[in-house]
Structures are given as C-alpha cells and as structure tokens.
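Please find below a note on the model, arranged as numbered points.

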Amino acid sequence: MTTKETLIQKLKDKKAKVAILGLGYVGLPLAVVFGQAGFHVTGVDPDKRKIASLSKGESYIPDVKTDDIAGLVKGGLLAATTDFSILKEMDAVSICVPTPLRQTGDPDMSFIISAMEELSKHMHRGMVVVLESTTYPGTTRELLLPKLGTEHSLTVGEDWFLAFSPERVDPGREDWTTINTPKVMGGITEACGEVAAAWYEGAIQTVHRVSSAEAAEMSKLLENTFRMINIGLVNELAIMCEYLGVDVWEVIDAAATKPFGFMKFTPGPGLGGHCIPIDPLYLSWKMKSFNYNARFIELASEINTNMPRYVVNRVLEAMNDRGKTLKGSKVLVLGAAYKPDIDDVRESPSLDVIGLLQKKGAAVEYHDPYIPHIHHEYDGWHMDSVTDMMKSVKEADVVVIVTNHRVYDYEAIVNAAKFVFDSRNATGKLGKNNEKVERL
Ligand SMILES: NC(=O)c1ccc[n+]([C@@H]2O[C@H](COP(=O)([O-])OP(=O)(O)OC[C@H]3O[C@@H](n4cnc5c(N)ncnc54)[C@H](O)[C@@H]3O)[C@@H](O)[C@H]2O)c1
C-alpha cells in the first residue's frame, strides 16, 4: 500500500492519532468532535491554565460542555499537554492558532509560525496537516509547505499531506455547530485533499472539497468579507436615516419581508470579534502585494471602525438635547462582549465606546453578565463590571446599550433608567417613540 492508502485506512479505522494545536474557541470544539467520533485526540497548547482545566475534565469555553470533556478525558479519547514533542507520535494534526492583526493593521503570523516551527521538529512520513486558522490566500502553500515538507525532503501528496480547511464556528450558536456546519477542504494536491477529507469525514457531517488550498482560504475570506461589507452598508444606512429622520430599524424590517434577493443585516456600535473586523484585512493586505486596492473592504472597514465614535457622538447630542453635558455625567454601558450571549471581548466595540466616553469626561461604568473584568491592553485601563446592575441603571444619567444580551430585562431597564441610548434596538417596540429612549 502507498503512504496515502495506509494513512486513509488508518483514518477510516479511527486508528490515526490526532493532535489539535491551539485549544481556543475553534480548537477545543474540534478536539471534542474528533474525540466523540472515536479518534484519540491530544490537544497541544502553551497555555498552562487551559491544559490544567482540560486535564481535570473541565471546559473553559461556554459552547463546550464540561460533561463532554470529562467523558472524553475519562474514556482516554482526549488528553491535553503543553509538550509539543508528542507530535512525533501523531498522524493527523490540525492547526487552530490565532491570527490577529498587528497594531499597524498587518497580519500577525507569529502564532502560525511558532506552531509550524514546533510541528516542523517532529514531521515524519505519513502525516496529514490541516491549517484551520483564517489567513491570507497562499499561506498554506507559501508558508507551511516549505517549512513542513521541503525542509525535511518530504514530498507533499506522496510522503505527507497538507490542506486548508476554514473554521466557521459561530460562538453562542446552538443550531449550527462544528459537527453539522459543512466544512470546506482544499488540499495542496489532489491527494492531499483526499486524505484530509477522509480524516474530517470521519467526524464532521459534510465535507465540501475544493480544488486547492487557495480556493479554501479565499472562500473563508469571501464569507467574512460579505458580512463585513453588508454590516458596513447597514451602518451607513443608519447614519443616512438619522439625517433623513427615518427609523432605520423599520426600514430594515420592511426590506426583510422580501422573500428573495435580500438578506437582513442590522446596524450597531461597530464590529467585533476575532473574525469579521480582521479577516478581510488579511485579504486587502495580500492584494497590496499586487498593487491592488481592495476598495470595498477598505470602505466598509472605515465605516465600521467609525461606528463607536458615531454612537458616542449621538449619545453626546442626545444628552445635549436634554440639557446635559456628557462631561461629568454618569454613564452605564450595558454589554462588553462583541455580540450577544457570549463572553468574548476581542475587538469589541464596547471597549472603544467606553474609552471614547471617558475621553469626553464621562464617569463610565459597565455591566456584562459574562465579562466580570475588562483589561484594555493597548490603552492600559482596567474595569470591573458593576455588581448591582439595576442600582447603576437608576443612578446613571444615561444607560448605553452596546451588547443586546438576551438575559437583560429591557423593560425593567427602561423603566428604571433616566435615559437610554440603544445602539442595537434591544428595546424594540418599547424604545420606539419613547422619550426616555433614543435608538441608533
Ligand atoms: N473564534 C471564532 O469564532 C472563529 C471562527 C472562525 C475562525 N476562527 C479562526 O480560528 C483561529 C483560532 O481562533 P480562536 O478563536 O480559536 O482563537 P483562541 O485565541 O480562542 O485560541 C487559540 C489558542 O491557540 C493557542 N496557541 C497560541 N500559540 C500557539 C502555538 N504556537 N501552538 C499551539 N497553540 C497555540 C492559544 O494559547 C489559544 O488557546 C483564528 O485564525 C481565527 O481567525 C475563529
């Protein structure tokens, strides 16, 4: 049997040993899905606290149940370590490390590079490697292939196999999860795609193969660019509606009654999270090497990035209309997470809104049921969520709703507050034509 046939057989028999590099929002659910499918999975992550939790059978990701982790750890199907040397025993490795931006807005590839360098020390014949981290088109072939294959005189598609498969997990979502969200898979060669698909098909319901790693990389960037641009469009619509004195939420609801050719997006205080504000910029960065300016991305990014400032200015004007200055006022920001019902503050517009309100001289507090503390790395401030939320609601001169968590009782908040600025239409009908509420 060829190396490829032997590996495919091992994968189909679930005898292949699986490693997941990076046990965060993407890697941990993936490790669980492979473990539940019957693979022996080892998660490798330099974060000692994560490894300690998993080794005790405890989850630290809200979407992943502690019972599931405990069951897999007890059954010997899931182990976790900080020791990369276990990679020498592995047959199949998935890389799920972060791909943030540098402060300059350029891709920060340092996590992929360090994971790749660790893996490179233990590369051997008969391995399949899949990169899951969202990145610019060409990363798998230009960065991983030389380091993991060529340097070891291993021929890709014959001695070892390399593919890209973008992760699509939507944290907090219950209907579409890692197991039932179709997975795009693109190999460096045809054989690479075949082996990687054989592995993932053993655990994930639908694997959609494309002809190259680049097509898979680009498909992820299309998905996220599509969202970013449409959010930019409705954010600009909200700004235009304010000029026109038209209720943007009513307009969007009306357009959404069209059964075809329209997809509903809603405006808000700006983009957040690890994906939508960042990934399209990986593409525009790459295009600069062709002297090509990705105009839609740049424009949407500009509009979205300005939304926290727009929201704060609207709060300032609304206070002014009520004969108050923002300077010296007490402001309670509701929600720090970048979207409802999750505990993730990465790139959250809430941090920008808080910072801008502070710069205007407001005394700012925040509340988030899922985020007890915020540490703003770049601006160097630290805040704790208020403990008695309704007391702070009553005391604040304005309550600014930034994240529309479902657990909030908006009726009680509006009743208790002096004034509410609602950037998410969380108050809905209650907020409309209500003199205590101003909506975006
Ligand atoms: N979070 C999402 O919703 C989401 C969705 C789709 C795609 N993605 C993409 O998936 C990738 C991972 O995102 P995430 O949200 O899981 O990030 P995360 O920060 O939650 O987790 C990444 C993990 O990688 C670990 N890590 C860092 N360097 C490492 C190394 N050298 N070797 C092994 N592990 C290392 C970190 O300690 C961390 O535990 C990113 O490229 C992201 O863009 C994320």
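1. Strand β9 (residues 330–334) pairs with β10 in the parallel sense, over five bridges. Within this pairing, L332 stands opposite E365 of β10. The model is a predicted one, and the points below should be read accordingly.

2. The pair belongs to an open sheet of five strands with parallel pairing, ordered β10-β9-β13-β14-β15. Its edges are β10 (363–367) and β15 (437–439); each has a single partner strand, so one side of each is left without a neighbour in the sheet. From one strand to the next, the twist of this sheet averages 20 degrees.

3. Another open sheet is formed by eight strands, in the order β3-β2-β1-β4-β5-β6-β7-β8, and here the pairing is mixed. The edge positions are taken by β3 (78–81) and β8 (207–210), each with a single partner strand, so one side of each lacks a neighbour in the sheet. The twist averages 25 degrees from one strand to the next.

4. The bridge partner of V44 is T81 in β3.

5. Helix α6 (residues 139–148) lies across β5 (127–131) and β6 (160–164), and runs at about 155 degrees to β6. Helix α7 also packs on the sheet, where it touches β4 (92–95), β5, β6, β7 (183–187) and β8. The direction of α7 makes about 150 degrees with that of β7.

6. The crossing of the two helices is left-handed. On the α1 side the contact involves K4, L7, I8, L11 and K12, which meet A191, V195, A198 and W199 of α7. By class, the residues of this contact are seven nonpolar, no polar and two charged.

7. Which residues are the closest to the ligand? They are G22, G24, Y25, V26 and S133, among the 28 residues that surround the ligand. Helix α5 (residues 110–120) gives the most to this shell, with three residues. The shell around the ligand comprises 14 nonpolar, eight polar and six charged residues.

Note on methods
Residues are numbered from 1 along each chain as its sequence is written. This is a predicted model: local features need pLDDT of at least 70, side-chain atom pairs count only at pLDDT 80 or more; totals for chains, interfaces and linings use all residues. A crossing is left-handed if the near helix is turned anticlockwise from the far one by less than a right angle, and right-handed if clockwise. Helices (H or I, at least four residues) and strands (E, at least two) are DSSP runs, numbered from the N terminus. Two residues are in contact if their C-beta atoms, placed from the backbone, lie within 7 Å. Ala, Val, Leu, Ile, Met, Phe, Trp, Tyr, Cys and Pro count as nonpolar, Asp, Glu, Lys and Arg as charged, and the others, Gly among them, as polar. A residue is near a molecule or strand if its C-beta atom, placed from the backbone, lies within 6 Å of it. Two strands pair if DSSP finds at least two bridges between them. Axes are lines fitted to C-alpha atoms, for helices over the stretch in contact, and angles run from 0 to 180 degrees between N-to-C directions.
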